[in-house]
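Take a look at the model below. We will go from the overall layout to the ligand.

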Amino acid sequence: MGTASDTPPGANDHTEIDLDALRARYARERDRRVRPDGATQYRSAAGEFGYYAKDPYTPRAEREALTDTVEVLVVGGGFGGLVTGARLRQEGVESIRMMDEAGDFGGTWYWNRYPGIHCDIESYSYMPLLEEVGYVPEWRYAPGEEIRRHAVAIADTFGLYRDAVFHTRVTGLSWDDHNDEWVVETDRGDRMRARFVITSSGTLTQPKLPGIPGIETFKGHTFHTSRWDYDYTGGDAGGGLTGLADKRVAVVGTGATGVQVIPHLGRDAQHLYVFQRTPSSVDVRDNRPTDPEWAASLKPGWQRERMENFLAIVSGERVETDLTRDGWTSTARLQRKMISGALDTSMSPEERERIDELVDAQKMNQIRARVDEVVEDPATAEVLKPWYRYMCKRPCFSDHYLQTFNRPNVTLVDTADHGGITRMTEDSVVVGETEYPVDCVVFATGFDVGVSGVMSGTMPVSGRGGQDLLASWSRGPRTLHGFYSDGFPNFFQLGAVQNANSVNFAHILLEQAGHIAAVIAQGRKDGAHVVEPSKEAVEEWVRTVRETAHDNSAFQAECTPGYYNREGAGIHGGFSYSPGPVSFHRLLADWRGDRMHEVLGTRS
Ligand SMILES: NC(=O)C1=CN([C@@H]2O[C@H](COP(=O)(O)OP(=O)(O)OC[C@H]3O[C@@H](n4cnc5c(N)ncnc54)[C@H](OP(=O)(O)O)[C@@H]3O)[C@@H](O)[C@H]2O)C=CC1
């Protein structure tokens with residue numbers, strides 16, 4: 001197998017690739033799509049558009065306001081919150097309240113139930129705690145419903161429904177210095193208390209809408225993919241959208257969601273218009289049911305081994321064997337552009353960059369050639385070809401997407417030269433001067449990515465002496481290992497900020513949960529009043545993250561716009577710990593070995 005640090009076969013044999021011409025083409029295609037309004041072009045699904053974010057799956061139950069006290073409050077019932085709850089239970093913590101805005105557990109898998117939904121990371125590594133729950137996924141790449149059911153199974157296995165509250169949003173957290181407790185206020189009128197608060201409020205739950213002029217005037221039916229309206233479409237996540245048989249449907253967006261949903265809309269709508277601004281790179285999926293013999297042969301510890309092997313490969317570490325062997329592990333070298341990890345130091349940076357660029361060009365040529373092989377109409381095929389480097393956008397995998405454009409009832413509409421859809425009227429989507437009358441518009445336009453309640457300010461956190469967390473971060477996040485900050489005792493955050501990042505984020509969350517549970521358990525054992533890092537420890541970690549930051553701004557600047565590069569504005573490295581998740585997890589394990597006492601009971 002290859003690793004990110006090997007020179008790939010054929011890397012020195014690219015005489016046919018004209019990199020200058022390719023760079024010029026990439027720049028031209030990028031310039032067609034950059035908008036002067038950048039990230040401000042979007043609208044949140046709030047205020048007059050709040051109905052796009054309503055929960056269509058679970059009725060909201062009335063309940064009494066809470067005034068009790070728990071030991072741990074976990075904000076967020078997605079995998080981050082669930083695995084934290086599970087690890088705390090394993091450490092013997094009894095009093096845990098799980099809280100979520102959704103109507104049940106599952107996080108992103110609660111909200112996203114659109115037809116065709118699957119996870120594009122292999123389920124055996126993605127779905128956490130499989131061995132603890134006693135489950136082997138039915139599919140190599142699991143459908144969303146199987147993943148959602150697994151989330152519920154984790155909650156059942158670890159007794160996390162007990163004390164859980166749903167359809168509840170935290171509106172304020174304030175530290176009570178006198179009692180060493182958090183006072184928690186919510187949009188349900190709760191005013192409860194918790195000794196520890198852990199937030200894992202997720203990144204792919206708040207739907208985002210394009211700022212299309214006239215969007216509010218459209219009188220037909222409309223919804224966002226993360227709040228699928230099966231009452232209107234009929235069918236379920238497996239397809240069979242019989243309600244669309246006599247409907248002209250527009251879908252806006254061709255990202256990872258669009259690629260999964262479009263084959264179903266194309267199959268079932270009377271006519272489907274796909275409004276595309278930037279094509280995704282779409283590689284082979286090759287999904288298959290789990291082999292029962294393989295499942296029966298698995299030995300205890302198999303999942304951790306597989307997860308760690310996958311994480312190591314996609315982080316650019318050297319490993320002996322590739323247990324997964326899929327589109328992620330075979331492109332590890334290319335992912336280094338986005339998710340930095342181990343760097344090959346056996347060659348000069350210039351030589352490394354030249355080889356990276358050639359390997360990238362080779363991969364993207366293969367992706368573009370696949371479009372020609374599958375799509376019958378050459379003009380349509382041309383529009384579906386992605387002209388950017390591999391990790392500029394989330395890579396996609398599908399064996400049905402490109403094929404959909406061979407259907408006579410499917411029309412691809414290229415909006416690139418118009419910055420997206422020009423406007424909407426009462427009954428049409430308009431691109432340039434051309435009107436497309438439709439009955440229904442489905443927005444596959446993504447999420448306010450990376451915006452947790454803490455970062456957006458919708459969950460104000462007031463620490464020691466009433467200091468505001470966001471205000472204390474006015475010059476950037478200040479944490480020890482991404483988890484906690486001085487002045488905010490017993491408050492933990494899960495997420496990628498100053499912590500680790502990976503395409504398999506479920507693995508990162510599992511490590512974070514284990515770490516937090518270990519710290520809390522040690523604190524309980526030692527009789528510590530609080531968990532809080534010192535100001536010096538925080539400053540040292542912020543400096544470490546900054547000094548080790550891998551600056552990929554040059555790469556980002558050449559990328560087509562999207563949320564990876566703040567719509568073309570660029571992001572400097574240093575958001576997460578650049579040396580990569582494997583080094584970070586090692587660093588955390590060492591820290592737990594001999595420095596944990598530094599955060600325990602430092603104040604009371
Ligand atoms: N693990 C998995 O299997 C899956 C993961 N995901 C995750 O969710 C993330 C979000 O994916 P997704 O929901 O597809 O959202 P994205 O943000 O990736 O895609 C949004 C789409 O909407 C298009 N768009 C936005 N505004 C306009 C406009 N005004 N006119 C026309 N088109 C417009 C974008 O075009 P443009 O590109 O030009 O901006 C893009 O194609 C993924 O990156 C991935 O991390 C999602 C699905 C499956």
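Into which domains is the protein divided? There is domain 1 (69–203 + 450–550 + 581–598) and there is domain 2 (209–285 + 349–447), with bounds from an automatic or database domain assignment. This is a predicted model, where local features need pLDDT of at least 70, side-chain atom pairs count only at pLDDT 80 or more, and totals for chains, interfaces and linings use all residues. Residues are numbered from 1 along each chain as its sequence is written, and side-chain values use heavy atoms, with hydrogens and water left out.

The centres of the two domains, taken over C-alpha atoms, are 34 Å apart. Their contact (heavy atoms within 4.5 Å) takes 13 residues from domain 1 and 17 residues from domain 2. About 1400 Å² is buried between them, and carbon and sulfur atoms give 51% of that. Buried area here is the accessible area (1.4 Å probe) that two parts lose on being put together, summed over both. On the domain 1 side, Tyr114, Pro115 and Asp120 lose the most area to domain 2, together 47% of what that side buries.

Now the ligand. Both domain 1 and domain 2 give residues to the shell around the ligand, so the ligand lies between them. Of the 25 residues around the ligand (a heavy atom within 4 Å), Asp120, Thr257, Thr278, Lys393 and Tyr563 come nearest.

Polar contacts are pairs of N or O atoms within 3.5 Å. A polar side-chain atom of Thr257 lies 2.6 Å from a ligand oxygen atom. For a polar side-chain atom of Lys393, the distance to an oxygen atom of the ligand is 2.6 Å. Ala256 places a backbone N or O atom 3.0 Å from a ligand oxygen atom.

How values were computed
Polar contact = N/O pair within 3.5 Å; in protein donor to acceptor, adjacent residues only side chain to side chain.
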